[in-house]
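The sequence and model come first.

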Amino acid sequence: MYTVPKLEDFSPAALDAAAAELLAALVAESHAAADPRSFEEFRNRWMARKNGVLTQVNDLWLKAAPSPAKRDVGQRVNALKQRAEALVAEAEQLAATAALGSKLKSETIDISLPGIERPLGVRHPVLRTLDELISVFVKMGYSVAEGPEVESDYYNFEALNFPPNHPARDTQDTLFIANQEQRAQRDRLLLRTHTSPVQIRTMEKLVPPVRVICPGKVHRNDAPDATHSPVFHQLEGLCVDTNITFGDLKGTLDHAMKSLFGSAVKTSFRPSFFPFTEPSVEVSISCPFCGGKGCRPCKQSGWIELLGAGMVDPNVFGFVDYDPKKLSGFAFGMGVERLAMMTYNVDDIQQFFYGDMRFLEQFA
Ligand code: PHE
């Protein structure tokens, strides 16, 4: 490696030779300083105040020169200093560019790799069933209404003609919002136990004729098992006009069931009770699996119970200022999961809520 010699001969020719030797070393070393680390070493070796090559040149050449030669030495030393500064600046640029280059190299994107695939989602089987149901009723001229899941006792029970001590109002069956003891009973909030409160909210807003369906989530204080879930979905229906009869109720539900399960399906209406309908019925369909002969899904009976329904009780009209002397109507409600279980042959309602991909992927 180049070291600064002491000069004996200060003649211009000897000075030129010494300067040329130094410059050759400077150029060679600057080319070798190709990355940031070797550049730092290179710059220190040549430029450091204390003992850098240029400082040594100052001491060994300029300061040591006899007075008559000082001018010749000074000129050459200055020229060397300028070259050195220029070469250091140049080397610094090159080292920085090299560093950036190697960084980019290590970060290069491999455009030949396959992209990240987003799996396409599909509608949940319960919502798919609900959509199908909605479309059946929309084709019959029904529109869709929605209501809140957190309901008041008034809409969920009182305006639907539930007597004050009806067992459904008990915390055994209904999930109430906590700390409402100081409120009047009708104002107490609860998770709606059925979609029927949307009947009331709809009649409060619309003048008849009314034809709405109300899909939505409902809650009951039930322990989960193969046929019960504390959260499930219902589809409610309400039709009010002058001269609506029980025949209209039968025709509408018979048509809806045939649309869903095929035209061979029969419907059966048996007397039942709901506080908000009079008369009330349970609606069954002939078993679509065995055609009515009896099988496991219909428990050998040939029939499957699917809906609650009835003619709107005149007392309910009283709560919404509809005149029961001029108007009549029918209402119905059904469990969506139950229909989905029949449609997709699912034997455990819990499967709809586990979120298990092995189950859900079967609907893709
Ligand atoms: N709301 C009733 C239930 O949840 C179903 C129903 C709706 C019955 C409308 C009659 C009329 O069981």
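The points below take the ligand shell and then the cysteines. The model is predicted, with local features needing pLDDT of at least 70 and side-chain atom pairs counted only at pLDDT 80 or more, while totals for chains, interfaces and linings use all residues. Residues are numbered from 1 along each chain as its sequence is written, and side-chain values use heavy atoms, leaving out hydrogens and water.

**Ligand shell**
- The ligand is surrounded by 14 residues, a residue being near if one of its heavy atoms lies within 4 Å.
- The closest are His194, Ser196, Arg220, Gln234 and Glu236.
- By class, the shell holds 5 nonpolar, 7 polar and 2 charged residues; Asp, Glu, Lys and Arg count as charged, Ala, Val, Leu, Ile, Met, Phe, Trp, Tyr, Cys and Pro as nonpolar, and the others, Gly among them, as polar.

**Ligand atom pairs**
- In the side chain of Gln234, an N or O atom is 2.9 Å from an oxygen atom of the ligand.
- The protein buries 89% of the 320 Å² that the ligand exposes when taken alone (Shrake-Rupley method, 1.4 Å probe).

**Cysteines**
- The count of disulfides (cysteine sulfur pairs within 2.5 Å) is 0.
- Cys214 is in no disulfide, and the nearest cysteine sulfur, that of Cys239, is 12 Å away.
- Cys298 has its closest cysteine sulfur in Cys295, at 3.7 Å, which is too far for a bond.

How values were computed
Polar contact = N/O pair within 3.5 Å; in protein donor to acceptor, adjacent residues only side chain to side chain.
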